[in-house]
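Dear colleague,

Please find below the structure that I am handing over to you.

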Amino acid sequence: MSFSLSERNDTIIALATPQGVGAIAVIRLSGKDAIKLTNEVFYGKDLEKQDSHTIHFGTIRDGEKVIDEVLVSLFIAPKSFTKENVVEISTHGSSYIINQVIKLFLKKGVRPAKAGEFTQRAFLNGQFDLAQAEAVADLIHADSEASHQAALSQMRGGFSGEIQQLREKLIHFASMIELELDFGEEDVEFASREELKTLVERLLRVVEELILSFDLGNVIKNGVPTVIAGKPNAGKSTLLNALLNEEKAIVSDIAGTTRDFIEDEINIGGVIFRFIDTAGLRETTDTIEAIGVSRTQEKMKTASLILYLFDLGDTDLIEINQDVNKLENLGVPFLKVANKIDKAKPLLVNELKEKHPDSIFISAGNKENLEGLKVKILELVNLDKFKTGNTVVTNVRHYDSLIKTRDSLLDILRGIDKQITNDFVAMDIRRSLHYLGEITGEITTDDLLANIFSKFCIGK
């Protein structure tokens with residue numbers, strides 16, 4: 001989705017509230033003529049003589065026909081979201097009224113907005129940079145406290161501020177080296193190579209930290225895929241039902257009841273966890289159950305967290321040790337969950353506390369110590385870095401650009417060590433600046449903007 005210059009000068013319109021019948025609906029217009037055209041169909045005060053950020057009661061009419069009583073909110077350029085004249089018309093939520101109002105403006109030459117066009121105009125008009133614009137979409141889709149805070153921080157420029165500081169420091173050195181190229185025959189040095197090396201090493205540390213934060217950012221934005229695994233009848237389905245507070249999974253004393261995985265989302269401490277109840281792990285001759293066991297093993301390999309359940313009434317320390325060794329070889333964070341504490345053998349409990357003190361003891365059937373389990377789960381996710389206010393990368397596009405920035409910075413260091421010529425050093429610096437600029441929008445293409453804003457909803 002790209003826009004010609006003439007399209008960018010159009011006045012656009014879209015429904016800003018969800019489709020469907022509701023108490024009210026908000027119809028948004030943006031463009032040079034938004035207030036003028038609204039004034040032509042609004043019967044009340046003269047809107048062209050009113051102040052910005054004011055609300056006015058009146059009626060919208062098509063000739064003599066009254067369509068609805070409305071409230072009209074005015075935002076006069078540049079004091080608006082898009083930095084253009086913006087009008088928001090609050091009507092009753094009837095789909096008939098909404099369609100009649102929008103059709104009335106279309107007849108007057110207003111164009112239907114494309115997906116994300118309001119936010120794209122805000123970006124193009126300098127309201128915020130591209131990273132902040134993307135955060136608008138993340139904020140709309142935030143479904144947990146953590147994802148909301150991450151999006152809000154990015155929209156307010158936390159991430160952009162760090163990137164901009166990096167670019168400004170590099171730009172200074174780039175300009176000095178470019179100046180040296182102009183005086184190439186005079187063998188002068190305006191940019192100390194040692195200072196440049198120190199700066200690049202400092203930038204690398206910041207970029208590396210941002211790259212490493214992506215794992216946490218991905219968790220915050222998309223949720224934590226968490227596999228509930230264990231032997232048959234360990235209580236996996238019972239635990240899922242207890243966490244969900246509903247009978248999502250079939251619970252039975254018959255081993256092998258769960259043949260495929262069952263998935264649902266739970267919000268724990270402001271973080272979304274995608275819990276996956278899986279088939280019990282055991283050797284089996286049942287073809288269908290064997291497929292379920294195979295799928296469980298695949299899910300465990302790709303999980304961000306594994307809750308491994310032991311049945312305290314039907315296992316021993318040797319078997320638990322064997323299972324723990326297998327889990328450690330997977331390389332996936334896991335939590336040892338000792339289930340059915342009400343049926344436990346006292347000797348086994350004491351052995352577990354001694355050999356595996358990090359185990360958490362619960363009774364899924366009696367919903368005993370589930371809160372303690374949730375605390376342990378949150379500890380493994382480790383949100384401390386996010387809670388201290390550090391910048392966290394949540395966007396795959398930003399992560400990709402940071403990887404390319406890191407590679408370019410490493411090329412600068414290698415070039416300095418090998419004492420390559422100024423023109424090649426300048427080329428590597430420009431490449432680093434390019435990739436940093438891609439994040440905030442200093443460097444863009446129509447295809448990039450089309451891809452980003454096409455994912456927005458129409459009214460945003």
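In what follows, two strands count as paired if DSSP finds at least two bridges between them. Please note that this is a predicted model.

Seven strands form an open sheet with mixed pairing, in the order 3-4-5-6-2-1-7. Strand 3 (42-43) and strand 7 (111-112) are at the edges; each has a single partner strand, so one side of each remains without a neighbour in the sheet. Strand 7 pairs with strand 1 (residues 12-15) in the parallel sense, over 2 bridges. Within this pairing, isoleucine 12 stands opposite arginine 111 of strand 7. Packed on the sheet is helix 3 (residues 95-107), which touches strand 1, strand 2 (22-30), strand 4 (54-62), strand 5 (65-75), strand 6 (86-93) and strand 7. The direction of helix 3 makes about 150° with that of strand 6.

Just after helix 16 comes glycine 441, with a positive phi of about 100°.

Finally, there is an annotation to consider. An unreviewed UniProt entry places the feature "binding site" at Ser237 and Thr258. Is serine 237 buried or exposed? Serine 237, which lies in helix 9 (residues 236-244), has a relative accessible area of 9% and is therefore buried, the cut-off being under 20%.

Yours sincerely

Technical notes:
Residues are numbered from 1 along each chain as its sequence is written. This is a predicted model: local features need pLDDT of at least 70, side-chain atom pairs count only at pLDDT 80 or more; totals for chains, interfaces and linings use all residues. Side-chain values use heavy atoms; hydrogens and water are left out. Helices (H or I, at least four residues) and strands (E, at least two) are DSSP runs, numbered from the N terminus. Contact means heavy atoms within 4.5 Å. Axes are lines fitted to C-alpha atoms, for helices over the stretch in contact, and angles run from 0 to 180 degrees between N-to-C directions. UniProt positions are given in the numbering used here, feature names are shortened, and annotations may be inferred rather than shown by experiment. Buried means under 20% relative accessible area, exposed over 50%, partly exposed in between (1.4 Å probe, protein chains only).
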